[in-house]
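Student: I would like to learn how to read a protein model, feature by feature. Could you take me through one slowly, giving the general idea each time and then the case in hand?

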Amino acid sequence: MSIELPESAVPPPTGSGESSPAPSRRTFIATSAAVGGAVVAGGTFLADPEEATAVGASPSSRVSLTVNGTRRTVTVDNRTSLLDLLREHLDLTGSKKGCNAGACGACTVLVDGHRVNSCLTLAVRLEGTEVTTIEGLADGDQLHPLQQAFIDEDAFQCGYCTPGQILSGVGCIQEGHTGSHEEIREWMSGNICRCGCYVKIVRAVEQTAARK
């Protein structure tokens, strides 16, 4: 009966004339892994630093737009949203980042008089446009009529959604969608108030539209 010895128990060749035994599966895998690691490491050291920087750099563009009456020119990553441009590049933090998916309306601003969700709007597509945020709605110390109406009607609680609610309300009035409570609710439905101040918000929009 023959007995098979484990790999570790197989004796090394005794004579210089004898051929080396075939590598075991374990030895082959270990050697392959070592060689592969050396190739990867070598690639890291031999890569052109300038080429690596060029590959890793994100494309950017220069965009000029008017924000609250002031012409602004900035260079931004092409993926930058209008919301991030306003908050991170222009330090206009009145527009709030809520869901960052266009579902809550907290980031609503006016672009050429039309309300948009700034979190879904690419900044580089707004060349030459005019953007109005909550910071630019008042005329100096004189509040916009809808801002004053929100105060008079106590149409806010925590205030986080209020900038977007007011800008959306201004757009709603300009669009002429204020014929009834139901119409205002429909056209303001994209703005969520987690505090539940909808009745007073609708009332503020309605009264402002009536004074227009």
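Tutor: Let us begin with a hairpin: strands E3 and E4 form one, with two residues between them, and Asp-112 in the turn has a positive phi of about 50°. Helices (H or I, at least four residues) and strands (E, at least two) are DSSP runs, numbered from the N terminus. This is a predicted model, in which local features need pLDDT of at least 70 and side-chain atom pairs count only at pLDDT 80 or more, whereas totals for chains, interfaces and linings use all residues. Residues are numbered from 1 along each chain as its sequence is written, and side-chain values use heavy atoms, with hydrogens and water left out.

Student: In what sense do E3 and E4 pair, and over how many bridges?

Tutor: Two strands are said to pair if DSSP finds at least two bridges between them. E3 (residues 108–111) and E4 (residues 114–117) pair in the antiparallel sense over four bridges, and Val-109 stands opposite Val-116 in E4.

Student: Which residues of E5 stand opposite Leu-110 and Val-111?

Tutor: Leu-110 stands opposite Thr-132, while the bridge partner of Val-111 is Val-131. E3 and E5 (residues 130–132) pair in the antiparallel sense, here over two bridges.

Student: In what order do the strands of the sheet lie?

Tutor: The five strands form an open sheet in the order E2-E1-E5-E3-E4, with mixed pairing. Its edge strands are E2 (70–77) and E4, each of which pairs on one side only. Neighbouring strands of this sheet are turned by 40° against each other on average, direction ignored; for such values, axes are lines fitted to C-alpha atoms, for helices over the stretch in contact, and angles run from 0 to 180 degrees between N-to-C directions.

Student: Which helices lie across E3?

Tutor: Helix H3 (residues 82–89) lies across E1 (60–67), E2, E3 and E5, running at about 105° to E2. Helix H5 lies across E3, E4 and E5, and runs at about 40° to E3.

Student: How should I read the packing of H5 (residues 162–175) against helix H4 (residues 145–152)?

Tutor: Take the angle to begin with: under 35 degrees counts as roughly parallel, over 145 as roughly antiparallel, 65 to 115 as roughly perpendicular, and the rest as oblique. H4 and H5 pack at an angle of about 125°, with their axes 10 Å apart, and they are therefore oblique to each other. Contact means heavy atoms within 4.5 Å, and in this case Leu-146, Gln-147 and Phe-150 in H4 meet Thr-162, Gln-165, Ile-166, Gly-169 and Val-170 in H5. The residues of this contact divide into four nonpolar, four polar and no charged, where Ala, Val, Leu, Ile, Met, Phe, Trp, Tyr, Cys and Pro count as nonpolar, Asp, Glu, Lys and Arg as charged, and the others, Gly among them, as polar.

Student: At what angle do H5 and helix H7 pack?

Tutor: H5 and H7 (residues 198–211) pack at an angle of about 40°, with their axes 10 Å apart, which makes H5 oblique to H7. Gln-165, Gly-169 and Ile-173 in H5 meet Ile-201, Val-205, Thr-208 and Ala-209 in H7, and the residues of this contact divide into four nonpolar, three polar and no charged.

Student: Why does His-177 count as buried?

Tutor: His-177 counts as buried because its relative accessibility is 17%. His-177 lies in the loop between H5 and helix H6 (181–187) and, leaving aside neighbours within four places in sequence, is in contact with Cys-172, Glu-183, Ile-184 and Trp-187.

Student: How many helices and strands are there in the protein chain?

Tutor: There are seven helices and five strands, and buried residues make up 33% of the 212 residues in the protein chain.

Conventions: Buried means under 20% relative accessible area, exposed over 50%, partly exposed in between (1.4 Å probe, protein chains only).
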